[in-house]
There are 2 protein chains.
Amino acid sequence: MLRGSLGIVTTQYADLPGPFTLESGAVLPEIRIAYETYGRLNKEKSNAILLCHALSGDAHVAGFHNGETKPGWWDAVVGPGKAFDTERYFVICSNVLGGCKGSTGPSTINPETGKPYGATFPVVTIRDMVNAQKLLLDSLGIPELYAVAGGSMGGMQALQWTVSYPDLIKKAVIIATTGYSTPQQIAFNEVGRKAILSDPDWSGGDYYGKKTPAHGLALARMVGHITYLSDESMHAKFGRSLQGKAQVGFDFSTEFAIESYLHHQGDTFTKRFDANSYLYITKAIDYFDLTKDGSLTTGLAAAKAAFFVISVTSDWLYPPYQSQEIVTALTTNEREVQYCEIRSNYGHDAFLLESGQLNYLISRFLSHTVVGDVMARNVECIEEGTTIAVTARRMITSGVNHLPVLSPAGQLVGIVTSWDIAKAVASNFLWLDEIMSRNVVTTTENEPVDEAARKMEAHSISALPVIDGDSHVIGLITSDAISTLVGRQNP
Amino acid sequence: MLRGSLGIVTTQYADLPGPFTLESGAVLPEIRIAYETYGRLNKEKSNAILLCHALSGDAHVAGFHNGETKPGWWDAVVGPGKAFDTERYFVICSNVLGGCKGSTGPSTINPETGKPYGATFPVVTIRDMVNAQKLLLDSLGIPELYAVAGGSMGGMQALQWTVSYPDLIKKAVIIATTGYSTPQQIAFNEVGRKAILSDPDWSGGDYYGKKTPAHGLALARMVGHITYLSDESMHAKFGRSLQGKAQVGFDFSTEFAIESYLHHQGDTFTKRFDANSYLYITKAIDYFDLTKDGSLTTGLAAAKAAFFVISVTSDWLYPPYQSQEIVTALTTNEREVQYCEIRSNYGHDAFLLESGQLNYLISRFLSHTVVGDVMARNVECIEEGTTIAVTARRMITSGVNHLPVLSPAGQLVGIVTSWDIAKAVASNFLWLDEIMSRNVVTTTENEPVDEAARKMEAHSISALPVIDGDSHVIGLITSDAISTLVGRQNP
């Protein structure tokens, strides 16, 4: 499929009438939400996908703003022929409430005072952000979402959507995130906030039109960037290289390439982001906790969507175990859920960078994949009625640990493993029929791969024979094959 | 063995005549080193152990200062009957050059100006710290070290000692550290330095007698503390608990217990540590790089000591792979080296906290441990001349995967595994003697366990029969037993 660019796109603004009551009980008299849309809403209004952005993101998810050379933040997976295929879906993204990219936030003029809210802006939560997005959809006449998706804080919003508005969401793609912020995540955010609050230029949050707390905000961003990269990717990208010099200078100037990179990231961030929004958005992240009575299973009980949860092997900010907790909770609730761990050295940033894997995985999920797409078609089998000795020889020769057993007519009648052979020897059995297992878990060519993966997990087996309507073995699907193609399935 | 306290101890000071030339070429006219010693130097002067401290440590490693209730920083492993047994060894610890706990550093009065050095203090390196320690030992009349040991930056100094003064070191204990600082480590240090340098109260380093850059130093310490703990230990210690309130307040006050903890750590640190020393010591850590021509093997070529390298499973600041690189380099150089990965959830801080494991491991290394100390004494065997069927049954019944084979006289003549059984079936063998391996790798009761572990690694086997002088099997040592007792041996 050809993948294209959306070309020039523009941000729009929705002024949504208030009062807008927040989770804290505070009320905003009115809110404005900045958003972009791509593709076309079909006449059934059933193809809308909402994308949710992370801490420093905005509504500009794909395509180019007029005169700019850098595309939107998730252009890699949004556009014609990409995972979020704008030829098929109507894609929406909005700047979060509390942000500084066109939506109402601390830098917005308070209509009651005529001055920026600053530190008088009420604390908002992920749920508040989602409620604001719901109002936006209402104003656009979108009754339901085919899917909601996001990574990092975007994943939190997507997860919140499935709980806040379970009947409106068909599918949810939850990437590199958690069901609740952990103390380590809170700790890093608190360091960032402390850096801003300690900057004398923060001035109690009332710095608009004056010198901004750039030192504090840059420092916060530097800490953030360390957590977005992995140890491996830093090794690969920077190592111990020096920036613009051949030897260390025994002074406190910027010397190592990694220092130069962090300074640059910190400095450029201060030119595009508001320090107060950084305070409010990190606070919303810290407050995020979908557990109820200490249980994520209970907290996610209302969700009805089909889920695709994706984590990244080298992500230490939102490690895979946190995604797996979401999967476990959803599985316990008997919700439809697929899980994949993307193999990547990029760390948390992989959710923005691993476009190949993300496009493959997400488009597969948004469409569909079955066993026939990934099974092996040449399978070593053994005939019913042979001896243990022949069976063992077949096993050793072909280097496999299990053999499907076929009837003379070629139909599957059992399966045998090397452990069965050892037991046979111990019990003086000579014939295959005395030891093979007759209850074989099987799958079919048209069964969804996630269903097959779930069977393997439930029975603690690593391979399933694929049979046709006449019980002929037409293939074999292994957990290895699944993980090679689509990452590890189910934790 | 009874473990006791050193009781009251005092810090001493050595004024060492200069000029002291630094790695940078800069010269200090004179240096003072603060130090403590415990135990007694034997008349051969062969029992001295130098302990090296980490970033924020000092010379006060064990016992109590008069009137204080908190013991020295490594009291858990230093004292009568402990790993660094002051009944046997003469233990020395000194504050690093560049520090602020009695040794010459940026807060010291520059004799040439009569004012504190401040930012005019020359940048020092780990090698400079070690050279200053060498001068101290000279002044104390200690010609060589039985051992040098340290964790984190202390481990860097210990490693540097083995390279700078290879003929003076018998044993080295290198804990939770690296052979060179990585970009991630540099990044965290740079954030800390940036926090201090951005604090207006830093005043170009000339703040002595005035307001100190406490905000910046506290922030640096907060970042540091996150890296010293593990995700797991933060979960266990803080979770999402709130500090002194039942519900979140939707404001920016200190709310979560983890925030309160970090603030406390940051604040108390500013009362005991000098911000300039923080700058200089982190810079020394960043500069630390024992590789030569890109190779740690080459960089460690001069070392002659017997090494014990210890890492911590949950340490993500100095992850186990970095210790393993040291081990690999030393092994390649055919140096004597043992490796152990401490199982702990404490993260980097485990090198201060896991006193049980550390006392066991280090005292074993400083003294000696042999196979007889850790082997299993009841071993399932099989007699030569039996059938495959009997052998398989014995295996299944006893649940083991390998059986030593004995002659009628009870001497070890071979070994058989379940894989051999499968091969026997495949080849129609009936008798044990046709399939058993006759070249058995063995060990003896008096062989050092690390030697046995090395054999297992070299032959890719997980157990060794222990035989006596008559080839009778008197025990079995497994890699599991070793790792249960002493952590994982050799990377």
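Is A:Arg221 buried or exposed, and how many C-beta neighbours does A:Arg221 have inside 10 Å? I looked this up at the start. A:Arg221 counts as buried because there are 22 C-beta neighbours inside 10 Å. The cut-offs I used: buried means 20 or more other C-beta atoms within 10 Å of a residue's own, exposed means 12 or fewer, and partly exposed is in between, with C-beta atoms placed from the backbone.

**Ground rules.** I am working on a predicted model, where local features need pLDDT of at least 70, side-chain atom pairs count only at pLDDT 80 or more, and totals for chains, interfaces and linings use all residues. Residues are numbered from 1 along each chain as its sequence is written, while chains are lettered from A and ligands numbered from 1 in the order in which they are written.

**Annotated positions.** I took A:Arg221 and A:Asp349 from UniProt, where an unreviewed entry annotates them as "binding site"; such annotations may be inferred rather than shown by experiment. They are spread over 129 residues of sequence, yet cluster in space, with a largest C-alpha distance of 14.0 Å.

I placed A:Arg221 in helix 4 (residues 214-228) of chain A. Helices (H or I, at least four residues) and strands (E, at least two) are DSSP runs, numbered from the N terminus. Leaving out residues up to four places away in sequence, A:Arg221 touches A:Gln265, A:Gly266 and A:Phe269. Contact means C-beta atoms, placed from the backbone, within 7 Å.

I found A:Asp349 in the loop between strand 10 (337-342) and helix 10 (350-353) of chain A. A:Asp349 is buried too, because 22 other C-beta atoms lie within 10 Å. With residues up to four places away in sequence again set aside, A:Asp349 touches A:Tyr228 and A:Leu229.

**Chain pairing.** I counted 52 residues of chain B in contact with 53 residues of chain A. On the chain B side, helix 3 gives the largest share, ten residues. By class, that side has 32 nonpolar, nine polar and eleven charged residues. Nonpolar covers Ala, Val, Leu, Ile, Met, Phe, Trp, Tyr, Cys and Pro; charged covers Asp, Glu, Lys and Arg; the others, Gly among them, are polar.

**Core.** A nonpolar core is a set of buried Ala, Val, Leu, Ile, Met, Phe, Trp, Tyr and Cys residues joined through C-beta atoms within 7 Å. The largest one has 245 residues, and A:Ile49, A:Leu51, B:Ile49 and B:Leu51 have the most contacts inside it. Apart from that core lies another, of 32 residues, including A:Ile435 and B:Ile421.

Terms used:
Contact = placed C-beta atoms within 7 Å.
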